[in-house]
Amino acid sequence: MDTHTKEISSLSPLQITRRGLVAALSGLAAACGTAASRLKDPMGWGQDSIYNRWLGLRPFLSCQGHNTVIGGSRMPDEVMRAMEEANDYFIDMNALNKAAGDYIAGVMGAEAAVVSAGSFSAMLLGAAACLTGTDQEKIEALPHPTWDKVECLTQTQQRFNYDRAYRAAGMKMVDADTKQGMIDKISDKTAMIAVLARVYRRKDNPPGTLMPEEMIEIGKEHGVPVLVDAASELPPPDIMTRYSEAGADLVVISGGKGLRGPQSSGILAGRKDLIEAATLNHSPYKSIGRGMKVGKEEIMGIVAAVRRYASLDHDAVLEGWNKKAQYIADVLNEVPGCTAELVDNTQGYNNVHFSWDQNVITAAGRDIYRQLREGQPRVLINGGGDEPRSSLTTQCMRDGDEIFAARGIKEALLSHAKAT
């Protein structure tokens, strides 16, 4: 008996409300529809998608991570159901923002939180909060502050494209290479210290790169609020609480990606006074964040995602990803001239790295990448350069996707094999 049938059979007659019955039957129909679409599709994947039927666009089978450029993550049933039910009612948005933030803050071990329109929005709102506090005149002045305390200090090794969010709020970026260099640049103009959490798991950090906890300590010692951008760092699951527990004043988490909430949502969590200031800079107020509106459906979607994430057996999730990776590696190792191996990606699970002997398989990496991207299904791997190698991750795969991915990659490699 599938999940949706169990939902119906477990209800008493008084519990079978119109909404409950419709939701359960809709889920059952969706499950049947998915099975039917796979039967109609000779390759079993993608040709019968809504993107293809309505717009003539063939979707990807993603062997990459939660990349925004291909739509982020897949929302699980719990999130979709929460968003659907939220759509049926009207609610006081200020009260909803506060209640949702309080719930999320409790899970993250923070004083307060607010749902944003993605992690870039959370970064901007965090910067705005550090610039203005709750001063209404300053809030109205952004993104053109008229005061001196506007500098965002970070380490040169932690500069990246998305620190544009801090500049968009009205901050001026200042960076230094070393710990002492950063301390020397702290002044009465320093409004915030920005931290890129990703450095903690990089294997190729430049010498002298400070870890997030070290950056937090600098901020605490000098009375400067610290914002940690941990948008894409789930897993491991303790990222949800790690930086709040370490004393960060603000923490950013993507609502999509590892949480698998709405891709257009994010979380800004931290000190109560700064979250209050961020909220005043945010929609539904007519402030710098007005254009970063988050709908009631997305707010309830991310609440559902956080609830779900907090209850997951994360070891079992990682084991499932690793089993898919092992299956793909085993299939690729059957290809003459190809070698596939599992490589720890520092987030607790394995990626598949594979390479091939061009004396046996004549293709360059870009040839395999392009062929897979245009095949059926359209398999999207990493790489695409001149070298005969590539990699993939199974993080975004549903059960069964690994079979289609392995088949597609194997066939692509074999199509470039030299005749013997």
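Me: Where is the place of Thr-346?
Reply: In the loop between strand E9 (338-344) and strand E10 (350-356). Keep in mind that this is a predicted model.

Me: What's phi doing at Thr-346?
Reply: Phi of Thr-346 is positive, about 75 degrees, and the residue is not a glycine. Most residues other than glycine have a negative phi.

Me: Is Thr-346 buried or partly exposed?
Reply: Partly exposed, because its relative accessible area is 26% and the buried class needs under 20%.

Me: Switching to peptide bonds. What joins Leu-234 and Pro-235?
Reply: A cis peptide bond, with omega about -10 degrees. Pro-235 is in the loop between strand E6 (226-229) and helix H11 (239-245).

Me: What about the bond from Gln-376 to Pro-377?
Reply: That bond is cis, with omega near 0 degrees. Pro-377 belongs to the loop between helix H15 (365-373) and strand E11 (378-380).

Me: Now the surface. Which residues form a nonpolar patch?
Reply: Ile-50, Tyr-51, Trp-54, Leu-55 and Leu-57. Together they have about 620 Å² of accessible area.

Me: Where is Leu-57 found?
Reply: In the loop between helix H3 (50-55) and strand E1 (60-62).

Me: Why does Leu-57 count as partly exposed?
Reply: Because its relative accessibility is 48%, and exposed means over 50%.

Technical notes:
Residues numbered from 1 in each chain as written. Predicted model: local features only at pLDDT ≥ 70, side-chain atom pairs only at ≥ 80, totals over all residues. Heavy atoms only, no water. Patch = residues over 30% accessible without salt bridge, like charges linked within 9 Å, V, L, I, M, F, W, Y side chains within 5 Å. Areas by Shrake-Rupley, 256 points an atom, 1.4 Å probe, with all protein chains shown as cover. Salt bridge = Lys/Arg side-chain N within 4 Å of Asp/Glu carboxyl O. Helix = DSSP H or I, 4+ residues; strand = E, 2+ residues; numbered from the N terminus. Buried < 20%, exposed > 50% of the residue type's maximum accessible area, 1.4 Å probe, protein only.
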